[in-house]
Amino acid sequence: MACSARILVTAWCFFVGIAVSVPGWQGLVYGLPPPCESQIYCTGDLLKQVQLARLFSDDKHFVDMPLRETPELVLKKFQQLVNVTPGGILSKEQLQQFVSSSFSDSGQEFEQWEPQDWTSSPQILAKICDQKLQAWASDLNAKWKSLGRKIKDDVRTHPMFYSQIYVPHPLMVPGGRFIEYYYWDSYWVIEGLLLSEMAVTAKGMIQNFLYLVERYGHIPNGGRVYYLRRSQPPFLTLMMDAYLAHANDTEFLRENIHLLEVEYEFWQRNRSVSITVGDRNHTLNYYNVQIGEPRPESYSKDWELAADLNEDARQELWAELKSAAESGWDFSSRWFLSWPPPLPATLKDTKARAVVPVDLNAFLCKTEHLLASFYRRLGNTTKAAQFQATLERRLEAVQAVFWNEAAGVWLDFNLLKKQPNPAFYPSNLAPLWTDCFSDQAAAERAVRYLEGSTVLSYKNGLPTSLARTGEQWDLPNAWPPLQHMVIAGLAKSSSSRAKEIAFALAQNWVRTNFALYKKYQAMFEKEGFGWTNGVVLQLLDLYGDRLTSGSPSTPFRAWIIAACIFLLNLK
């Protein structure tokens, strides 16, 4: 039996002692709001006609272009053209001319900026014994200068001309086609900056995110208005913790802890689901973006994907795609309803709002732990006790809902199927990284889980899944944050075998990235990709006295090269 939520605001399903209540689960999709209110960057006929005409090879290019005139005047001129055009559909040539006269090139929002706290010789370099890796780390450290951006004050004073969301402090961007800040990417960027002894720049990035929370009540997916109504995995409190470990800036914490709590409450208020196991009710979190219309930055792809659907189904699919994008895993078999393979499934089968993810709840578990710790540090015992109790409830929920005794690991829970997803994803081990477990044997069980699968046979990094779907968060691709979470989680356990696997994974990942860097000078030289830099620096910091640059014992496989290309060109 499947639970239908098409006409219900709260849906209940029962299966083998499990009940699911989804507050605000919007199945009736008519009336969903657009990604933002802009009639140029988020919704409306101008956006639709330009994007479906494919004026640019990348839809993102158009919605990143600043306006030459006020939005009202641009829309008025466009409407005048529509009114005199038979059928109201402008030709590609008309649209090209209109865009050229009404918009400026993207990237005009920024001014040149180099971080003043950059140093050529951070202490991490002295921890790296292999001379080639040490030289590489020095190169990576230098890349921070090319990834730095400062948003022009004109974006603050005249926001209507831009899709860029203003933030007051300089920042680091991922690189490549991504010329704005992104939320969860920035956690690994900040960790890398701190290892490069750039605490001022790192603090400025955290201040930017606090500014966004104060303004919007949450942190948008990225620094564009078309990302406003979706977020990304919640790492703000973890960013604060990383900064405090380097700077011991208690006053900064005191001034802003209320904003950490505001962001936490956004997830509790808007992204929560109640699941009953036996006689115990558990509140967990999931990605749930109830926003309609195609994603502006991928408009034509979303439009084509939904071409044969009715209006209700199209809007529902577009909301599912945005929910998957909020996870950072856009896109993956992890969100397909018809899993596990080999059952046929495509992007059109995405049901991200039906998945309660292990890693999201592990991140929030860490957030609760840190908030309790922060309040104790500030002497607020009442708040500390509140978050300690919340943490204990989360630990119980993670164990009850996600832990799978047969598999020996945590598994995502599907609300529609009312059962766990047995497929492998590195995110299944996220609780190890965030200490979101009570059973100290969990690390040993996780080791047996890894060794019982085929994932450790991939000598250049953990694959994102074992499903070949053509999506970038699936086989054959590997992603830096997932490598780091698994490695760091295993490394800090008491299990000697877990520690061995952690080092082997780190060695494979570092060697692979180093070899590709030497061969192509592309992974960092051309594109930058900040979180890749940050993860490599973290692994060099963790194992710098042991890691070597020598060739792996097995030759490169095509999948890892493809993975690194994805890291350069896609998100």
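Reader: What makes the disulfide of cysteine 36 and cysteine 42 right-handed?
Author: The torsion about the S-S bond of cysteine 36 and cysteine 42 is about 100°, so the disulfide is right-handed. Keep in mind that this is a predicted model.

Reader: And why is the pair of cysteine 36 and cysteine 42 called a disulfide?
Author: The cut-off is cysteine sulfur atoms within 2.5 Å. For cysteine 36 and cysteine 42, S to S is 2.0 Å, so the pair counts as a disulfide.

Reader: How many disulfides turn up in the whole structure?
Author: Two, from a search of the whole structure. Cysteine 365 and cysteine 436 form a disulfide too, with sulfur atoms 2.4 Å apart. That value falls within the 2.5 Å cut-off, so the name applies here as well. The link of cysteine 365 and cysteine 436 is right-handed, with 95° about the S-S bond. The pair ties together distant parts of the chain, 71 residues apart: cysteine 365 sits in helix α13 (residues 358-377), and cysteine 436 in the loop between α15 (430-434) and α16 (442-451).

Reader: Are cysteine 365 and cysteine 436 buried or exposed?
Author: Cysteine 365 is buried, and cysteine 436 is too.

Reader: Why does cysteine 129 count as exposed, then?
Author: Exposed takes over 50% relative accessible area, and cysteine 129 has 54% relative accessibility, so it counts as exposed.

Reader: How do you know that lysine 132 is exposed?
Author: Its relative accessible area is 52%, and the cut-off is over 50%, so lysine 132 qualifies. Lysine 132 lies in helix α5 (residues 131-147). Not counting residues up to four places away in sequence, lysine 132 touches Phe514 and Ser549.

Methods: Residues are numbered from 1 along each chain as its sequence is written. This is a predicted model: local features need pLDDT of at least 70, side-chain atom pairs count only at pLDDT 80 or more; totals for chains, interfaces and linings use all residues. Side-chain values use heavy atoms; hydrogens and water are left out. Helices (H or I, at least four residues) and strands (E, at least two) are DSSP runs, numbered from the N terminus. Buried means under 20% relative accessible area, exposed over 50%, partly exposed in between (1.4 Å probe, protein chains only). Contact means heavy atoms within 4.5 Å.
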